[in-house]
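Trainee: Please take me through this model, and tell me what stands behind each term as you use it.

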Amino acid sequence: MALPQLSDALQSQRDFTLSSSPSALTINQGSTATATVTVASLNGFDMATGLTTTVSLAGNGWILARLASNILTPSSGAKTDTTLSVMALQGTPIGGYQVTISSSGGTKSHSITVAVTVAAADFTITPQPSSIRVGQNSYNTTNLILASQGGFSGNVSLTVTAPLASMGVAGGPSPVYLAIGGAATSTLAVQASPLTSIGTYSVTITGTAGALIHSTIIQVIVTNSSIVFTGRESLNLENYAFSSNTNATLYIRNTGTTTVTTASYYVKDSSGNQWVLTSWTGPSIIPNALGTAGIAIGSSCGSCVYSGSSGAFTQFTAGYSYTITIVTSRNNQFTFTIVR
């Protein structure tokens, strides 16, 4: 008995879609980025689908593209995924490239293009804290955290520019050596003489590595010499968790030499939208102890003040990063990054 065959019309209707999420990748030199490639069934399509990758001519020898699986078979009416890994070798010229994914299943074939942007090897400088309070005829310190990006390695030389002759700056080490993907710390001390006027000043720190130059600013608040603070404030984020879309918990270690009393916090998204709680009953953390800080935004924080685009930042969204700045009772600031 002959088996029934699908009509040509039905065969022609069976198809699939090919997509990538995201459809564009930014990669630092010497790094790898990934995307999810999806084959989705249309009109009952359920056949094995072969996948291949091709790198644009300019990326040959520099950009490597690999699929975790080269054959995907979706069930009828369903979809199936694989991972695309794209690597930019160390020294890849900065610029734009394309990775084309071609697919074929049954009588159907489709292709898509993933745009790849290669960024330069670089480094960052982050002061921790970014604001310190210094009494006249006294000093305070902050840490400068340098980090490698995009496969950067080498020495970074640091220079400091003070706004007044009566304000002294010192520290080290400099230069600071960074290994690929690594980080290092240098210490900066700022001293106000008895002649330094009370007020707020900016101290500029510049890091130089060949043609790469980056600067950051430390806010220095000079107070009356009769106001004396003892010990050094320093906080380190050890872990964090989200209990809801509007609540995060930070686990913070006091790595300084004095008790830190937290007073306010700022939560900012990547677009600059921000929630602020200026009257915060945060934790007081003794030296070497681990404190728990509850950070609320949106509907969970009735006392918070929002600034930015209306409705743009109402909750913590999966896959996005946020910066949280905690301000202490001494007005020192500590900034941490969390990812939902």
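Trainee: What makes β1 and β3 (residues 32-42) a pair?
Mentor: In this predicted model, 7 bridges join β1 to β3, and the two run antiparallel; because two strands pair if DSSP finds at least two bridges between them, β1 and β3 are a pair. The strands themselves are DSSP runs (E, at least two residues), numbered from the N terminus. Within this pair, Ser21 stands opposite Thr36 in β3.

Trainee: What must I keep in mind about the numbering and the values?
Mentor: Residues are numbered from 1 along each chain as its sequence is written, and in this predicted model local features need pLDDT of at least 70, side-chain atom pairs count only at pLDDT 80 or more, and totals for chains, interfaces and linings use all residues. Side-chain values use heavy atoms, with hydrogens and water left out.

Trainee: Why are β1 and β5 called edge strands?
Mentor: The open sheet of 4 strands has the order β1-β3-β7-β5, with antiparallel pairing, and β1 (15-21) and β5 (63-67) each pair on one side only. Its neighbouring strands are turned by 20° against each other on average, direction ignored, where the axes are lines fitted to C-alpha atoms and angles run from 0 to 180 degrees between N-to-C directions.

Trainee: How do you know which strands pair with β4?
Mentor: Strand β4 (residues 49-55) is joined antiparallel to β6 (residues 71-72) by 2 bridges, where Thr49 stands opposite Leu72.

Trainee: Which strand lies between β19 and β24 in the open sheet of 3 strands?
Mentor: The order is β19-β20-β24, with antiparallel pairing, and the edge strands are β19 and β24 (290-296). Here the twist averages 25° from one strand to the next. Strand β20 (residues 247-254) and β24 pair over 7 bridges, with Tyr251 opposite Thr292.

Trainee: Which residues are closest to the centre of the largest pocket?
Mentor: The largest pocket holds about 320 Å³ of space, and of its 15 lining residues the closest to the centre are Gln128, Ile145, Asn236, Thr335 and Phe336. Among the elements giving two or more residues to the lining are β10 (122-128) and β27 (333-339). A pocket is an open set of points on a 1 Å grid over the protein atoms alone, where a 1.4 Å probe fits, with protein on both sides within 12 Å along at least five of seven lines; lining residues have an atom within 4 Å of a point. Points are joined across faces, edges and corners, and the volume is the space filled by probe spheres set on them.

Trainee: How do you know how far to trust the model?
Mentor: The mean pLDDT (the predictor's confidence in each residue, from 0 to 100) is 88, and 95% of residues reach 70 or more. Over residues 1-5, however, pLDDT is below 50, and beyond near neighbours in sequence this stretch has 0 contacts (heavy atoms within 4.5 Å). Where pLDDT is low, the predicted coordinates should not be read in detail.
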